[in-house]
Amino acid sequence: MEIPITLIGRSLLFFSLLITLSYHSQADLIGDTCSKTEFPDLCISTLRSNPSSPAADVKGLVRIMFYATAVKATATLNQVNVLLKKTNDVALIEGLENCASEYASALDEIFTANTNVGSDIFAVKGVAADLVTETQDCEDTFTDGPDKRKSPLTVENGVLGDLAELVLDIVDSLG
């Protein structure tokens, strides 16, 4: 039995329409979720850059954002280690070591919190809030005290703090 071409064409058209609607629905989830955040452009670019986001629900978006914070925290910790190798300035070394400690702690907390997404939202929010504080503590290490100076990590601390704020914002949308 031969299947008419028009039936195959209609089936392909229907299948294409379903895929398109699914994509737009997910794009709307990301857009809708990010529009409720403090940094919608950063939210959208971060989530869309991850190949897992098209299939994610809101909890999945939180996990993706935590992943992005872990990547940024790791890159910043690596930068701290490079800066430590390049300086003999005692005050700078102390500040960088403090930041290294903050970031190492943050990474442990991020991985723990990621496993709690969906089961312990309070703990997840606590970790994200702590991360915001830890980035500010790192920054304050350089700007407070007798050896005040410009932080060499201002940009990194700002981005990581913004990513943590996004985690908080998205978790809030879970209810």
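**Close-up views of the predicted model**

**View 1. Disulfides of the chain.** The chain holds 2 disulfides, a disulfide being a pair of cysteine sulfur atoms within 2.5 Å. The model is a predicted one, in which local features need pLDDT of at least 70 and side-chain atom pairs count only at pLDDT 80 or more, whereas totals for chains, interfaces and linings use all residues. Residues are numbered from 1 along each chain as its sequence is written, and side-chain values use heavy atoms, with hydrogens and water left out. With bonded cysteines counted along the chain, the disulfides follow the pattern 1-2, 3-4. Cys34 is buried, with a relative accessible area of 0%, where buried means under 20% relative accessible area, exposed over 50% and partly exposed in between (1.4 Å probe, protein chains only). Cys43 likewise counts as buried, at 0% relative accessibility.

**View 2. The disulfide between Cys99 and Cys138**. The sulfur atoms of Cys99 and Cys138 lie 1.9 Å apart, and the torsion about their S-S bond is about 100°, so the disulfide is right-handed. Because Cys99 lies in helix 4 and Cys138 in helix 5, the pair ties together parts that are 39 residues apart in sequence; helices (H or I, at least four residues) and strands (E, at least two) are DSSP runs, numbered from the N terminus. Cys99 is buried, with a relative accessible area of 0%, and Cys138 is buried with a relative accessible area of 0%.

**View 3. The chain as a whole.** The secondary structure of the chain comes to 6 helices and 0 strands, which, read along the sequence, gives the pattern α-α-α-α-α-α. Of the 175 residues of the chain, 37% count as buried. The chain exposes about 9900 Å², of which carbon and sulfur atoms supply 59%; accessible areas come from the Shrake-Rupley method with a 1.4 Å probe, and for residues only the protein chains shown count as cover. Among contacts between residues at least 6 apart in sequence, 69% join residues at least 24 apart, a contact meaning heavy atoms within 4.5 Å.

**View 4. The largest nonpolar core.** Of the 41 residues in the largest nonpolar core, Leu47, Val62, Met65 and Phe66 touch the most other members. The elements that give two or more residues to this core are helix 1 (5–35), helix 2 (40–48), helix 3 (58–86), helix 4 (90–116), helix 5 (121–143) and helix 6 (154–173). Helix 3 gives the most to this core, with 11 residues. A nonpolar core is here a set of buried Ala, Val, Leu, Ile, Met, Phe, Trp, Tyr and Cys residues joined through side-chain atoms within 4.5 Å. Leaving aside its neighbours within four places in sequence, Val62 is in contact with Val117, Val124, Val167, Ile170, Val171 and Leu174.

View 5. Thr76 counts as buried, because its relative accessibility is 0%. When its neighbours within four places in sequence are left aside, Thr76 is in contact with Tyr103, Leu153 and Glu156.

**View 6. Salt bridges of the model.** Side chains of opposite charge can pair when their charged atoms come close. The count comes to 2 salt bridges, a salt bridge being a side-chain nitrogen of Lys or Arg within 4 Å of a carboxyl oxygen of Asp or Glu. Arg149 forms a salt bridge with Asp89, and the closest N and O atoms are 2.8 Å apart. Arg149 lies in the loop between helix 5 and helix 6 and Asp89 in the loop between helix 3 and helix 4, so this pair ties together parts that are 60 residues apart in sequence. Arg149 counts as partly exposed, at 27% relative accessibility, and Asp89 is partly exposed, with a relative accessible area of 31%. Lys125 forms a salt bridge with Asp172, the closest N and O atoms being 2.7 Å apart. Since Lys125 lies in helix 5 and Asp172 in helix 6, that pair ties together parts that are 47 residues apart in sequence. Lys125 is partly exposed, with a relative accessible area of 32%, and Asp172 counts as partly exposed at 43% relative accessibility.

**View 7. Asp108 in helix 4**. Asp108 is exposed, with a relative accessible area of 55%. Asp108 and Val127 are 19 residues apart in sequence, and from C-alpha to C-alpha they are 9.9 Å apart in space.
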